[in-house]
Amino acid sequence: MAYTKEGDKIDHSIGKSVPRKETGEKVAGLARYVQDSSRSGLLHARLAVSPHAHARIKSMDTSEALKVQGVLAVLTSQHYPVLSGSPLADRPMLAIDKVRYFGEPIALVVAEKEYIAEMAALRIKADYEPLPVVHSPSEALRKDSPLIHEHLAKYKKHEQVYPEPGTNIANRTRIRKGNMEEGWNKSEITVEVQVTMPQSDHAAIETRCSTAEIMPSGKTIIHSTSQSPYIIRMAISQSFHIPLHQVIVHTPLVGGSFGGKSAIYTELLAFIASSAVGGRAVRLVLPREQDMVSAPVHIGLDARIKLGCTREGKIAATEILHLFDGGAYSDRGAVMSRAGATDCTGPYRIDNVQCDSLCVYTNHPYSTSFRGFGHPELTFAMERAIDLMAARVGMDPLEFRFHNAIGPGDTSPTQTDLNKSNLGDLPMCIAKLKEIIYWDSRPQVQTSGHLVKATGVSCFWKNSNTPLNAGAGAVVIFNSDGSVNLLCGAVEIGQGTRTALTQILAERLGMEERRIHISTDVDTETDPWLWKTVASRSTLLSGNAVLKAADDAIEQLKNMASIILERTPDELAVGGGRVFVIEHPGIGIEIAQIVDGYKDSTGNMIGGQVIGRGSYTMPDLTLLDPETGKGKTGPEWTVGAQAVEVEVNKRDYSYRIVKAATVMDAGKVINPEMARSQITGAMSMGLGLASREAFLFDPNGAVLDLQFRTYKLMRYGEQPEYSVEFVETPHLEAPYGLRGIGEHGLIGMPAALANGLSAATGASLNRLPLTPESIWRTVHDSV
């Protein structure tokens with residue numbers, strides 16, 4: 001146990017609900033976001049976008065826009081005919097020759113004022129030749145479906161991706177595990193389910209925004225609302241042939257993201273806008289309507305699941321087809337479709353698996369990362385099949401899940417060996433969920449007149465699906481008073497990662513969290529590299545780097561103190577602002593006396609400033625075998641069980657969400673209150689997706705609900721009672737045993753709501769969102 005200078009004990013930081021580092025600034029209204037910074041001479045950009053979902057651009061007239069006083073430049077694809085995108089470079093910054101989705105940018109206006117840029121953008125005239133529109137991934141695979149990308153074979157590949165030229169398939173991932181013939185022979189009962197989950201919006205409170213400035217020296221400075229500042233730096237460098245060290249990206253606090261700001265979008269546009277006006281600073285802020293459909297969106301899914309089971313209730317085989325709606329361009333949708341394959345079975349032991357997971361081009365807005373990264377979609381499909389199978393077998397839905405829960409000694413769909421550390425304890429999560437929702441003490445369905453109450457359940461798991469080089473760095477700098485500055489690249493998007501990292505550092509150094517400073521701004525010029533703030537990986541990646549940096553600093557402190565105290569470094573420990581002798585804690589020296597070096601009695605200096613450094617890259621990851629899907633895509637899974645209680649009015653099929661519960665194996669909870677808040681927010685998002693959120697398209701592919709007056713979100717007063725509990729099975733590779741939890745509260749919510757409503761209505765509800773109208777139509781209108 002470490003002590004303060006006053007002799008008080010230092011409590012453990014891990015497992016303590018400390019306030020977020022940025023709380024004071026946010027409460028006082030002093031928190032700074034990209035749009036909050038202002039400067040004289042700042043120019044503004046606006047996009048002109050397509051009113052068509054699929055059309056050839058016959059001509060474009062920008063002359064009227066250029067006549068508007070205050071307009072400095074109008075850019076089209078003629079100025080920058082460059083393809084961008086990852087893992088497949090298939091997307092122009094501004095549409096080239098044709099548009100592929102409603103809202104696609106066709107031109108960019110730079111002006112002295114924002115309203116001038118917007119007025120000029122509206123004066124750009126384009127002549128289009130409409131083309132047939134592809135409305136869904138299922139439709140995209142028909143033989144007579146028009147090709148959205150005629151030159152698919154020519155696109156540059158940046159990652160493991162398998163497009164199929166001559167089709168609308170941007171990527172296909174195959175999973176082949178076990179022996180399907182043997183699995184079906186064992187299957188005495190089979191069920192088949194088809195589900196649909198539409199595209200929707202991320203709905204972050206802060207819209208996407210970037211500012212770019214090119215200095216006379218060539219140095220390029222980007223300020224962006226992003227989860228990926230280091231990827232922005234690389235994209236700008238590669239796309240425009242600028243030395244990497246001359247690209248600097250700043251990301252302050254981000255006003256919500258949920259995956260949508262991991263894509264590189266406004267940053268490239270802001271850069272070409274600055275280039276067009278001699279490098280002057282230009283800001284591009286997307287209005288809400290363009291943020292919802294011109295920028296990338298949440299992916300959709302059409303899926304078919306066939307499940308086989310023995311009469312005793314053991315799942316023997318599954319055959320899965322995922323058709324992910326990647327929209328007009330592949331972006332991260334191609335990788336999400338791969339994630340949908342790698343965890344396709346859900347957290348169940350299934351020895352015989354065949355899965356084809358496709359990212360399919362459509363004439364919808366293009367898709368990118370969204371909280372859960374393909375897992376809410378795959379879970380909705382699998383859990384509907386699991387619920388149907390439990391009914392066919394005649395087993396309690398939770399008991400059936402418990403009976404088939406995956407465990408140590410099993411293998412994942414990609415044939416990764418599972419153990420207690422990398423998997424966690426799903427049976428314990430199910431058992432704990434049964435307790436907190438009183439599952440065994442009341443019937444699943446209760447009827448009182450025209451009101452029906454029912455509880456739906458689901459289980460989930462998620463691996464991270466990161467690239468092989470995903471890693472992070474950290475620097476720990478001691479100040480002369482013994483306090484610490486922590487430098488790292490994790491972006492604060494509301495999840496509290498930077499606070500959790502200070503707790504990890506405080507635990508290792510045996511000091512109070514208030515003595516550790518971490519900036520809310522990420523600066524790629526001074527902060528160590530982090531792959532991205534995505535995939536619920538930031539605390540694992542940066543946390544391990546922080547521990548290594550702390551250990552480096554501790555070693556320096558002990559080496560200096562060993563000379564002063566005349567003890568070996570192994571006899572010393574660090575904590576409570578001191579370096580002290582382990583066997584005699586009263587003997588020691590204040591850290592503040594040695595962090596800038598120590599002057600001995602002869603006037604000689606011992607050591608210098610203490611700066612610890614550390615880095616971490618996830619070990620032993622592999623690519624997937626393209627034929628079988630065998631490989632290791634992440635270090636560990638987070639598992640959990642969820643439930644939703646609903647009350648349905650059988651007269652009109654309106655319903656109320658009464659309660660929602662989650663039990664999750666978090667490995668080790670770093671900050672309990674912050675963790676519960678994060679999971680509750682994710683649960684609310686999941687219920688919103690399931691109950692109301694979706695893009696509505698007209699017959700020509702135009703989005704009808706591209707503003708919050710028509711795009712429905714869960715609002716205050718509509719939220720249910722939330723319960724969140726944890727199981728802790730340490731992940732040995734992670735700091736203090738933690739697991740990622742940022743996305744996971746969302747994953748099983750759509751499935752649990754659908755299962756509850758299906759039980760209440762007696763109908764199979766397999767299409768989201770579950771509105772009263774859609775439920776009524778399912779029950780009463782089989783056509």
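A salt bridge is a side-chain nitrogen of Lys or Arg within 4 Å of a carboxyl oxygen of Asp or Glu. The exercises below apply this criterion and related ones to a predicted model.

**Exercise 1. Decide whether arginine 514 and glutamate 512 form a salt bridge, and state how accessible each residue is.**

Step 1. The N to O distance between the side chains of arginine 514 and glutamate 512 is 3.1 Å.
Step 2. The cut-off is 4 Å, and the pair is accordingly listed as a salt bridge.
Step 3. Arginine 514 has a relative accessibility of 65% and counts as exposed, because the limit for that class is over 50%.
Step 4. Glutamate 512, with a relative accessible area of 29%, is partly exposed.
Step 5. To place the pair in context, the whole structure holds 38 salt bridges. Some share partners: Glu164, Arg172, Arg176 and Asp356 are joined in this way into one network.

**Exercise 2. Describe the interface of domain 1 and domain 2.**

Step 1. The domain assignment gives domain 1 as 22–31 + 471–617 and domain 2 as 34–131 + 207–254 + 261–292.
Step 2. The centres of the two domains, taken over C-alpha atoms, are 40 Å apart.
Step 3. In the contact, 22 residues of domain 1 meet 18 residues of domain 2.
Step 4. The size of an interface is often expressed as the accessible area lost when the parts come together. For domain 1 and domain 2 this buried area is about 1600 Å², with 57% of it on carbon and sulfur atoms.
Step 5. Seven residue pairs are in polar contact across the interface. On the side of domain 1 that touches domain 2, the residues comprise nine nonpolar, five polar and eight charged.
Step 6. The count of salt bridges between domain 1 and domain 2 is one. Glutamate 525 and lysine 219 form a salt bridge, with the closest N and O atoms 3.7 Å apart.

**Exercise 3. Identify the surroundings of arginine 46 and of alanine 390.**

Step 1. Arginine 46 lies in strand β1 (residues 43–49) and is buried, with a relative accessible area of 8%.
Step 2. Its side chain makes a polar contact of 3.2 Å with the side chain of glutamate 114 and reaches the backbone oxygen of valine 285 at 2.8 Å.
Step 3. Beyond four places away in sequence, the residues touched by arginine 46 include Ala107, Leu108, Ala117 and Pro287.
Step 4. Alanine 390 lies in helix α10 (residues 375–393) and is buried, with a relative accessible area of 1%.
Step 5. Beyond four places away in sequence, alanine 390 touches Met395, Pro397 and Phe400. The C-alpha atoms of alanine 390 and phenylalanine 400 are separated by 6.0 Å, although the residues are 10 apart along the chain.

Notes
Residues numbered from 1 in each chain as written. Predicted model: local features only at pLDDT ≥ 70, side-chain atom pairs only at ≥ 80, totals over all residues. Heavy atoms only, no water. Domains from an automatic or database assignment. Contact = heavy atoms within 4.5 Å. Buried area = accessible area lost by both parts, 1.4 Å probe. Polar contact = N/O pair within 3.5 Å; in protein donor to acceptor, adjacent residues only side chain to side chain. Nonpolar A, V, L, I, M, F, W, Y, C, P; charged D, E, K, R; others polar. Helix = DSSP H or I, 4+ residues; strand = E, 2+ residues; numbered from the N terminus. Buried < 20%, exposed > 50% of the residue type's maximum accessible area, 1.4 Å probe, protein only.
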